[in-house]
Amino acid sequence: RESDRRAWTPVSYTVTRQNATVQGLIEGKAYFFRIAAENIIGMGPFTETTKEIVIRDPITVPDRPEDLEVKAVTKNSVTLTWNPPKYNGGSDITMYVLESRLIGKEKFHRVTKEKMLDRKYTVEGLKEGDTYEYRVSACNIVGQGKPSFCTKPITCKDEIAPPSLDLDFRDKLIVRVGEAFSLTGRYSGKPAPKVTWLKDDIVVKEDDRTKIKTTPTTLCLGILKSVRGDSGKYCVTVENSTGSRKGFCQVNVVDRPSPPVGPVIFDEVHKDHMVVSWKPPLDDGGSEITNYIIEKKDAHRDLWMPVTSATVKTTCKIPKLLEGREYQIRIYAENLYGISDPLVSDEMKAKDRFRVPDAPEQPIIKDVTKDSAVVVWKKPYDGGKPITNYIVEKKETMATRWVKVTKDPIFPGTQFKVPNLLEGCEYEFRVSAENEIGVGDPSPPSKPIFARDPIAKPSPPINPEAVDKTKNSVDLSWQPPRHDGNGKIIGYLVEYQKVGDEEWKKANLTADSCPETKYKVTGLTEGSTYKFRVKAVNAAGESEPAYVPDPVEVKDRLEPPELILNANMAREQHVKAGDTLRLSAVIKGVPFPKVSWKKEDHEVSPKADIEVTGVGSKLEIRNTVHEDGGIYSLTVENPAGSKTVSVKVVVLDKPGPPRNLQVSEVRSDSCYLTWMEPEDDGGSVITNYVVERKDVASPQWVAISSSSKKRSHMAKYLMEGTQYLFRVAAENQFGRGPYVETLKPIKAIDPLHPPGPPKNLHHVDVDKTEVSLVWDRPDRDGGAEITGYLVEYQEDGADEWTKFQTVPMLDCVVTGL
């Protein structure tokens with residue numbers, strides 16, 4: 001309890017040792033304490049402290065001072081500083097004791113004789129070159145504490161300090177022309193640094209306007225009556241043997257701009273306005289141009305009129321001029337600091353300099369066709385402004401109205417192909433030129449022309465050749481002529497000549513009987529040799545003939561069969577059931593081979609459509625079924641040989657039914673199903689089996705598994721005594737096959753076994769001809785209710801048992817003994 005209070009406060013109830021620490025006391029307060037012992041019966045009497053105890057920390061000597069540092073060294077003095085100890089020992093520090101030791105000696109000697117409380121001291125009167133180390137200790141009312149950690153050995157010599165620089169100016173300085181400015185600051189360093197001023201990396205020299213003042217601690221650069229040329233990047237460098245420091249300032253001496261650069265250019269001159277341009281001032285005064293002020297003046301008057309005072313462009317439209325009057329323009333540049341002297345233009349008369357283009361000369365017409373013609377003209381004088389467009393017009397010679405041939409601009413070409421002319425009509429054409437002022441006069445009309453194609457005889461056909469032959473015919477082929485003479489090719493004339501004869505015979509009498517670039521010449525003699533030639537014919541006449549290069553002997557040509565397989569005749573062809581199977585190949589050979597299709601060396605199914613053309617054959621089976629799969633072969637044969645190709649066709653379908661569905665291990669609530677995979681998997685891997693069950697009394701099948709990959713399934717959750725049918729189907733990626741079903745219902749009951757033997761058989765009464773027997777029920781009933789007990793007896797010594805009777809209860813009286 002506190003000494004000035006009566007109430008006791010418990011400290012702890014669970015102290016088992018003979019000491020305790022009391023916490024939470026207030027420093028400076030006086031307390032009494034009391035202690036009682038306690039056992040299982042209860043608490044004994046308290047023992048109390050005889051006198052009050054005042055709470056305060058015990059006083060000790062202070063800890064060692066901290067952070068003893070050397071601040072300055074000269075050849076005969078050392079300046080030291082330190083921080084107080086972390087703990088003063090419970091009493092205020094009364095003084096510090098500083099000690100030194102000459103390196104090489106053992107003892108420390110006290111430096112300070114007087115009482116010292118400052119934490120900074122300069123030791124003087126030292127000998128240059130001597131090396132000392134120092135330590136300091138703190139004293140309080142108890143005594144002197146531990147000394148601090150020693151300094152590093154310090155040799156007395158003049159110290160070196162790198163330069164420092166403290167500037168009074170910022171990175172940028174803006175000064176008006178004519179004003180003075182100065183750059184000042186302070187610096188230090190040992191030995192005394194050298195101060196250098198630079199402007200744009202060139203040393204600044206003093207003159208009438210430039211003053212440099214440097215003291216041991218301050219520096220200053222001053223410039224009187226500044227000019228634009230004083231702008232630049234100023235740098236001050238402070239340097240001694242230990243290093244250097246630099247300070248920078250970008251000085252911008254600003255003024256009004258110089259005048260805009262002439263001459264004033266008159267870009268456009270019209271009767272009521274002009275457009276002028278100029279160049280910016282060479283010197284913007286150190287500040288960007290914010291504005292140009294433009295004024296105009298009638299050359300015969302003294303009054304300048306404002307045009308605009310709010311533009312930063314170097315071009316301007318001068319409006320509201322009087323036609324025929326002469327004008328001068330003057331232009332000022334303006335920035336934040338003032339307006340420049342003006343730039344004055346020459347005099348310029350307000351009048352239109354430009355006009356529409358002249359009329360072109362009479363145009364020339366060329367390359368006339370039935371629906372188009374090309375108009376050609378020469379460029380006329382442009383009226384002082386560039387031509388931007390030509391306008392071409394047409395009219396029929398008997399009409400009065402001119403019509404534009406196109407809405408699109410025609411430029412820069414000086415010719416144009418006019419489309420959409422009417423065949424047989426007579427036309428004239430004329431041309432006008434246009435610039436930004438307007439459209440000029442049209443040219444004189446051209447000479448009239450009729451819209452029709454010029455026609456000439458065609459050139460000969462190209463590359464005639466014999467491409468096939470038999471014993472009495474030759475097939476010829478060629479390419480159209482390079483030039484059709486601007487007339488449609490009506491057809492071709494084919495002629496032949498027997499080698500040795502002079503006369504050429506016509507194979508066809510008229511050109512329109514051979515409009516294509518091929519012809520079969522028939523009625524030739526087998527074994528003879530013939531020459532051939534072809535002419536192209538248009539409305540203007542026949543071309544020169546083109547000759548087949550070599551004479552041709554007329555006889556049958558033999559080429560062995562050749563098969564070019566299509567993609568659907570690859571080694572294996574997969575087709576989905578129900579889709580159409582198509583097999584095809586290109587066939588070559590002379591004469592054309594005989595074609596036969598087989599499946600597994602037998603005739604193909606009657607449902608297959610087989611088509612044979614002069615270039616190939618195709619087999620097609622619609623609505624394919626699984627049985628349509630197999631090896632199909634195509635054989636082609638002619639007198640020169642034969643060729644056969646085969647393809648395996650797989651018809652992908654749903655699988656067949658699973659086989660051999662068996663039910664075993666029948667219980668009252670489950671049974672075990674097993675089956676074998678289908679004979680036919682439909683050409684695709686079986687992915688799973690679907691198992692279903694049905695109560696014989698219900699019409700509905702219920703799925704009990706649809707994802708089993710195994711060929712067995714435990715059918716659970718059956719109702720005891722209910723009869724069930726089961727069925728299983730296989731699935732692959734093409735669908736679910738047919739189900740296989742159990743042949744007869746399965747009843748959900750546990751299997752029956754004979755009951756166990758009755759227990760504890762003994763007699764309870766005996767007479768001369770009968771015995772009373774009793775027994776207990778057997779341990780197991782075999783899965784069904786016990787219906788009775790069969791009682792048998794045997795005469796002692798006999799081999800046979802004699803049946804007496806079957807009784808329903810657990811007792812029986814055997815009589816007739």
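Author: Happy to! A search of the whole structure finds 0 disulfides, a disulfide being a pair of cysteine sulfur atoms within 2.5 Å. Cys249, for one, is in no disulfide, and its nearest cysteine sulfur, that of Cys235, is 11 Å away.

Reader: Good to know. What kind of model is this, and how were the values set up?

Author: This is a predicted model, where local features need pLDDT of at least 70 and side-chain atom pairs count only at pLDDT 80 or more, while totals for chains, interfaces and linings use all residues. Residues are numbered from 1 along each chain as its sequence is written, and side-chain values use heavy atoms, leaving out hydrogens and water.

Reader: Thanks! Back to Cys249: buried or exposed?

Author: Cys249 is buried, at a relative accessible area of 0%. Buried means under 20% relative accessible area, exposed over 50% and partly exposed in between, with a 1.4 Å probe and protein chains only. Cys514 also counts as buried, at 2% relative accessibility.

Reader: New topic: where does Gln573 sit?

Author: Gln573 is in strand β48, residues 572-576; strands are DSSP runs of E, at least two residues, numbered from the N terminus.

Reader: And why does Gln573 count as buried?

Author: Because its relative accessible area is 18%.

Reader: Which residues is Gln573 in contact with, leaving aside neighbours within four places in sequence?

Author: Among them are Ala567, Asn568, Leu581, Leu583 and Val647. Contact means heavy atoms within 4.5 Å.

Note on methods. Helices (H or I, at least four residues) and strands (E, at least two) are DSSP runs, numbered from the N terminus.
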